[in-house]
Amino acid sequence: MRTFTCALLLMFPAGWAQTPHRTLAIQPPGTPILAATPPMGWSTWNHYAHNISDKLIREQADAMVASGMRDAGYVYVHIDGGWEGQRDANGMLHPLPTFPDMKALGDYIHSKGLKFGLYSGPGPVTCAGAEASYGHEEQDARMFASWGVDYLKYDLCSYRMIMQIESGGDVTKAESMMRAAYEKMHQAILKTGRPMVFSMCQYGLGEVWEWGPQVGGNMWRTSNDINDTYERMMSIADRQAELSRFAGPGHWNDPDFLEVGNSGMTFDEQKSHFSLWALMAAPLMAGNDLTNMSEQTKSILLNRDVIAVDQDPLGKAGDRVWQQGALEVWARPLSGGAVAVGLFNQLTSATHITLNLADAGIHSNAEAEDLWTHSKVSIQHGSYTAVVPGHGVVMLRLQPKTPL
Ligand code: GAL
């Protein structure tokens, strides 16, 4: 099914976007910031694609509670593509028979202390050819609100065709159509009065990080789809390097759902994946089967120290601060003057990586804790050398101390 995904990139020239400004217009004034920290939850797509149903969602919601995921912060239960049926004569979109009562499903999710996420797009059809919201934005937003939806992923898909045809190849026109299409659904959501996290999925086209907040985006995909390989996961991280300044409370760069707990990556590779997402302040949307998690999977998804980095209240995203060939260091400023760092080794065998604290913005001695072994690490004279496994990571939380 994933072959249906709109994976092709329309290339827009750099610099076409207007100056960004950080409006959080999705919310009525005076309400707390929606997505003040990166949204956390679970989505159907990576593990189940279109093989989804009401029953599956309830089972996953139950597992989210029983496994401790909810209590660790994962609250959104997101149904991606594969729920949409047909519109009736009044334009009402009905779910497939596999989802007999969306309102009841939303109520069930809420009764577990979780939140309800759904999927649509600005085109006439989704990437899988199912009904999307083109021409029915307000009607759909009202229906989503009546079902209790708290999070909407809005996927460009077939709207790209409309952009291409109607713009006649004029890139500036095409991009303003794309912005308008997202703004249209943003306004439709606002009109319902129900806060919904607005998750923009247009694969990073037209440097969306520069204008996503202006059209109500609480998060926007920075790249094409992830898949369950180390190579793809790392290439997404590389693509997101240098975008940290565009993220902040209420508006986040989104490198896509997690593949932790699926079968394509080794334990070390999955730890690299989770560490990078936390350092990038990415939404943490699990994409595995929560009813059947190994101890290794749980040790990653439920690592509270790494989650705390992702959810740090300062809300500043981290970035790559050093690179030499296949070796990289990423750093993220945290509240209280602390800094999280990740030493990443893209070679297949273990090697040494030296962290210079100055690269992480620390110009004093520091106390450090390894966030995967949960042990104290001694740092002397402004640098630290670690042995990093092949495709693996060493992740530290540094607290600056006395001057060097
Ligand atoms: C793609 C999107 C994926 C998933 C898929 C569903 O366009 O990037 O994340 O939503 O559509 O068909």
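**View 1. His 374 in the loop between strands S15 and S16.** His 374 sits in the loop that runs between strand S15 (364–370) and strand S16 (375–377); helices (H or I, at least four residues) and strands (E, at least two) are DSSP runs, numbered from the N terminus. Its phi is near 60°, a positive value in a residue other than glycine. With a relative accessible area of 44%, His 374 is partly exposed. For the labels here, buried means under 20% relative accessible area, exposed over 50%, and partly exposed in between (1.4 Å probe, protein chains only). A note on the source: this is a predicted model, where local features need pLDDT of at least 70 and side-chain atom pairs count only at pLDDT 80 or more, while totals for chains, interfaces and linings use all residues. Residues are numbered from 1 along each chain as its sequence is written, and side-chain values use heavy atoms, with hydrogens and water left out.

View 2. The ligand is surrounded by 12 residues, and the closest are Asp 80, Cys 127, Lys 153, Asp 155 and Asp 225; a residue is near a molecule or strand if one of its heavy atoms lies within 4 Å of it. Sorted by type, the shell has six nonpolar residues, one polar and five charged. In that sorting, Ala, Val, Leu, Ile, Met, Phe, Trp, Tyr, Cys and Pro count as nonpolar, Asp, Glu, Lys and Arg as charged, and the others, Gly among them, as polar. For Asp 80, an N or O atom of the side chain is 2.6 Å from a ligand oxygen. Lys 153 has a side-chain N or O atom 2.7 Å from an oxygen of the ligand, and for Asp 155 the distance between such a pair is 2.7 Å. Taken alone, the ligand exposes 310 Å², and the protein buries 100% of that. Those areas come from the Shrake-Rupley method with a 1.4 Å probe; for residues, only the protein chains shown count as cover.

**View 3. Arg 221 in strand S8.** Arg 221 is found in strand S8 and is buried, at a relative accessible area of 3%. Its side chain makes a polar contact with the side chain of Asp 225 (2.6 Å) and reaches the backbone oxygen of Ser 223 at 3.3 Å. A polar contact is a pair of N or O atoms within 3.5 Å; within protein, one must be able to donate a hydrogen and the other to accept it, and residues adjacent in sequence count only if both atoms are side-chain atoms. Not counting residues up to four places away in sequence, Arg 221 touches Lys 153, Met 200, Cys 201, Gln 202, Tyr 203, Gly 204, Val 208, Asp 254 and Asp 256, where contact means heavy atoms within 4.5 Å.

View 4. Asp 256 belongs to the loop between strand S9 (252–254) and helix H9 (267–279). It has a positive phi of about 100° although it is not a glycine, and at 4% relative accessibility it counts as buried. Asn 218 lies in the loop between strand S7 (197–201) and strand S8 (219–221). Asn 218 is buried too, with a relative accessible area of 1%, and its side chain reaches the backbone oxygen of Gly 250 at 3.0 Å.

**View 5. Helix H7 from end to end.** H7 has 22 residues and reaches 32 Å from its first C-alpha to its last, close to the 32 Å expected at 1.5 Å a residue; the expected span is 1.5 Å times one less than the number of residues. At the start of H7, a side-chain oxygen of Asp 170 comes to within 3.0 Å of the backbone nitrogen of Thr 172. Buried residues of H7 include Ala 174, Met 178, Tyr 182 and His 186, and the buried residues pack against helix H5 (137–147), strand S6 (151–155), helix H6 (159–167) and S7. Lys 184 is also in H7 (residues 171–192), but is partly exposed at 49%. Just after the helix, Gly 193 takes a positive phi of about 80°.

**View 6. Helix H2 and its cover.** The end C-alpha atoms of H2 (residues 54–66) are 18 Å apart, which agrees with the 18 Å that its 13 residues should span. Among its buried residues are Leu 56, Ile 57 and Met 64. Their cover includes strand S1 (40–43), helix H1 (45–48), helix H3 (69–72), strand S2 (76–78) and helix H4 (102–111). Gly 68, whose phi is positive, near 90°, follows H2.
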